[in-house]
Amino acid sequence: MESYFILINNFHKKRIQGEKAPSNYEFRGLKKDKTVVYIDISVSNIIEKDGGITGTRSYLRDITVRKRAEKEINKHLLLEEATALASRELNNFLKADINKVLEYFGKAVSVNRAYIFYLHHDGKKMDNVYEWCSNGTEPQISNLKNLDRNLFPWWMHKLNNKQAILINDVKELPVDASS
């Protein structure tokens, strides 16, 4: 059984003074192993027959599974919205703003940049032809030209297998993903 340490101080008691309905609070915390947990705390007054408040009652509930499910649903909804916006933008391909399409998807998956690379006809070299960057992110489009595709075996393997490349944190990249 997991154990959590929650501190309910006088702030909570003062906030519910005179309230008959429970007050709910959500907390996000870390366990010892750095796993994120979400706790819902319901605090209510204990009221005597004469209307006086004699104490408080607290209920704690681990809502981590629900919060993770909500986050996943939200990610899917954002991606669906980005797909709809991109489809509308690409409806007239000759006038489409490809950087806008990259922005829709970049924001939907919460990254700071999104690229489109062009693979040369010989299949050995590639160029970054489109790049969207969030505010404060330095563009790299001019630095990513005429690259040898063998520099990126992990990337190329994913692309050859029709898999998207989504990197949320470069620190989590496999060793063979960068050279």
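# Close-up views of a predicted chain

**View 1. The end of helix 4 and the residue that comes after this helix.** Helix 4 is followed by K162, a residue whose phi is positive, near 60°. Helices (DSSP runs of H or I, at least four residues) and strands (DSSP runs of E, at least two) are numbered from the N terminus. The model is a predicted one, in which local features need pLDDT of at least 70 and side-chain atom pairs count only at pLDDT 80 or more, while totals for chains, interfaces and linings use all residues. Residues are numbered from 1 along each chain as its sequence is written, and side-chain values use heavy atoms, with hydrogens and water left out. K162 is found in the segment after helix 4 (153-160), and at 78% relative accessibility this residue counts as exposed. Here buried means under 20% relative accessible area, exposed means over 50%, and partly exposed is in between, with a 1.4 Å probe and protein chains only. Most residues other than glycine have a negative phi. Within helix 4, W154, M156 and K158 are buried, and the buried residues of this helix pack against strand 5.

**View 2. The whole chain, as a setting for the other views.** The chain has 4 helices and 6 strands, which follow the pattern α-β-β-β-α-α-β-β-β-α when read along the sequence. Of the 179 residues in the chain, 23% are buried. The accessible surface of the chain, from the Shrake-Rupley method with a 1.4 Å probe, comes to about 13600 Å², and 53% of this surface belongs to carbon and sulfur atoms. Among contacts (heavy atoms within 4.5 Å) between residues at least 6 apart in sequence, 32% join residues at least 24 apart.

View 3. The largest nonpolar core is made up of 5 residues, namely M126, L144, L147, F152 and M156. Such a core is a set of buried Ala, Val, Leu, Ile, Met, Phe, Trp, Tyr and Cys residues joined through side-chain atoms within 4.5 Å. In soluble globular proteins, nonpolar side chains tend to be buried together. If neighbours within four places in sequence are left aside, the residues in contact with M126 include F117, Y118, L119 and H120, as well as L144, L147, F152 and M156. N146, which is also in contact with M126, is found in the loop between strand 5 (125-133) and strand 6 (147-148). The phi of N146 is near 55°, a positive value in a residue other than glycine, and at 46% relative accessibility N146 counts as partly exposed.

**View 4. Helix 2 and the elements that cover its buried residues.** Helix 2 (residues 64-90) has 27 residues and, at 1.5 Å a residue, should span 39 Å, which agrees with the 39 Å between its end C-alpha atoms. The expected span of a helix is 1.5 Å times one less than its number of residues. In helix 2, T64, A82 and A86 are buried, and what covers the buried residues of this helix includes strand 2 (36-47), strand 3 (53-62) and helix 3 (98-108). S87, also found in helix 2, is partly exposed at 44% relative accessibility. S87 and V101 are 14 residues apart in sequence, and their C-alpha atoms are 8.5 Å apart in space.

**View 5. An aromatic pair, Y115 and F117.** The count comes to 1 aromatic pair. Y115 and F117 form this pair, which is tilted, with 5.5 Å from centre to centre and 55° between the planes. Rings of Phe, Tyr and Trp (its six-membered ring) pair if their centres lie within 6.5 Å, and planes under 30 degrees apart count as stacked, over 60 as edge-to-face and the rest as tilted. Y115 is partly exposed, with a relative accessible area of 29%, and F117 is partly exposed at 32%.

View 6. G29 is found in strand 1 (residues 23-30) and is partly exposed, with a relative accessible area of 26%. Not counting residues up to four places away in sequence, G29 touches T35, V36 and V37. D62 lies in strand 3, and its C-alpha atom is 6.4 Å from that of D40, although D62 and D40 are 22 residues apart in sequence.
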